[in-house]
Amino acid sequence: MTPGSGFRSEQAPSGEHSMSIGAVLALLREDFPEVSISKIRFLESEGLITPERAPSGYRRFSQADCDRLRFVLTAQRDRYLPLKVIKEQLDAMDTGVGGVGHGGTRLLSSARSAVAPATDFGARGGRVSREELIDRTGADAAFITELQRNGLLAVGPAGYYDEDAVRLVEAAAALVSYGIETRHLRAFKLSADREAGLVAQIASPIAKGRGTGARDRAEELVREIAALSVTLHTQLVKAALRGALD
């Protein structure tokens, strides 16, 4: 890759190592257990990666392709960004606008620091024990219990929380520190449940459709609508509060 080329997928020079889609899948699954060949093909169909094709027709992936996939999957997992936004970021890097230098490894490191949140618990896996949740958030056991009693926090059948529980507890604790009672946070949960139900009605028929990548298209639709929902919610709250301190 040339300086300023970002994650652009380029043909590997003669002799440069290239990988099959199965090899790429094996590399990615260590950090992204849910990734599949169908997912990789879907991202290709959406223009996020452009692997070369061997004369036999098989896809051949370069290290740049693999780094680009890691960027996309990290942005989806840790920031829940829709592909449209991720593609805009990648395009900026490809043209040098993002200020990212060349070199696959360094690019990946820069991409992760730009995309991942300050407290990235995604890399630690999807199982968080109650003790870990308390340790990472600084919340006490009574607060965790109160969140569960009010339906804001759910624990899995094996007694573990998922990785999103960490950020949920942190946000709830911050709101409570401003004098909001935990029981009042149930309004946020009710609103989220209504929004989730609406999104599910739209995405479910797509996920059940036939054809390659149906579920991936449905998941991407969910991300897109969720991102728009958060933006709309923020603007509505701002509008409702406008002039409140006048």
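Which residues of the largest nonpolar core touch the most other members? Some notes on that and a few other spots, bearing in mind that this is a predicted model.

1. To take the core question head-on: Val24, Leu28, Ile40, Leu43 and Ile86 touch the most other members, out of 24 residues in the largest nonpolar core. Helices α1, α2, α3 (63–79) and α4 (83–94) each put in at least two residues, and α3 gives the most, with six.

2. Ile86 is worth a click. Setting aside neighbours within four places in sequence, Ile86 is in contact with Leu48, Phe71, Val72, Ala75, Gln76 and Leu81.

3. Now the α1/α2 pair. Helix α1 (residues 21–28) packs against helix α2 (residues 37–45) at about 110 degrees, the axes being 10 Å apart. Since 65 to 115 degrees counts as roughly perpendicular, that is therefore the label for α1 and α2. On the α1 side the contact uses Ile21, Val24, Leu25 and Leu28, and on the α2 side Ile37, Ile40 and Arg41. By type, that contact has six nonpolar residues, one charged and no polar.

4. There's also another core, apart from the largest one, with 14 residues; Val128, Phe143, Tyr161 and Leu185 are among them.

5. Phe143 turns up again in helix α7 (residues 141–149), whose buried residues are Phe143, Ile144 and Leu147. Looking down the α7 axis, these fall within an arc of 100 degrees, so they line one face of the helix. Their cover includes α6 (130–137) and α8 (164–177). On the face turned away from the buried side, α7 carries the exposed residues Ala142 and Arg149.

6. One backbone detail to finish: just after α7, Gly151 has a positive phi of about 75 degrees.

Methods: Residues are numbered from 1 along each chain as its sequence is written. This is a predicted model: local features need pLDDT of at least 70, side-chain atom pairs count only at pLDDT 80 or more; totals for chains, interfaces and linings use all residues. Side-chain values use heavy atoms; hydrogens and water are left out. Axes are lines fitted to C-alpha atoms, for helices over the stretch in contact, and angles run from 0 to 180 degrees between N-to-C directions. Helices (H or I, at least four residues) and strands (E, at least two) are DSSP runs, numbered from the N terminus. Angles under 35 degrees count as roughly parallel, over 145 as roughly antiparallel, 65 to 115 as roughly perpendicular and the rest as oblique. Contact means heavy atoms within 4.5 Å. Ala, Val, Leu, Ile, Met, Phe, Trp, Tyr, Cys and Pro count as nonpolar, Asp, Glu, Lys and Arg as charged, and the others, Gly among them, as polar. A nonpolar core is a set of buried Ala, Val, Leu, Ile, Met, Phe, Trp, Tyr and Cys residues joined through side-chain atoms within 4.5 Å. Buried means under 20% relative accessible area, exposed over 50%, partly exposed in between (1.4 Å probe, protein chains only). The arc is that of the directions from the helix axis to the C-beta atoms.
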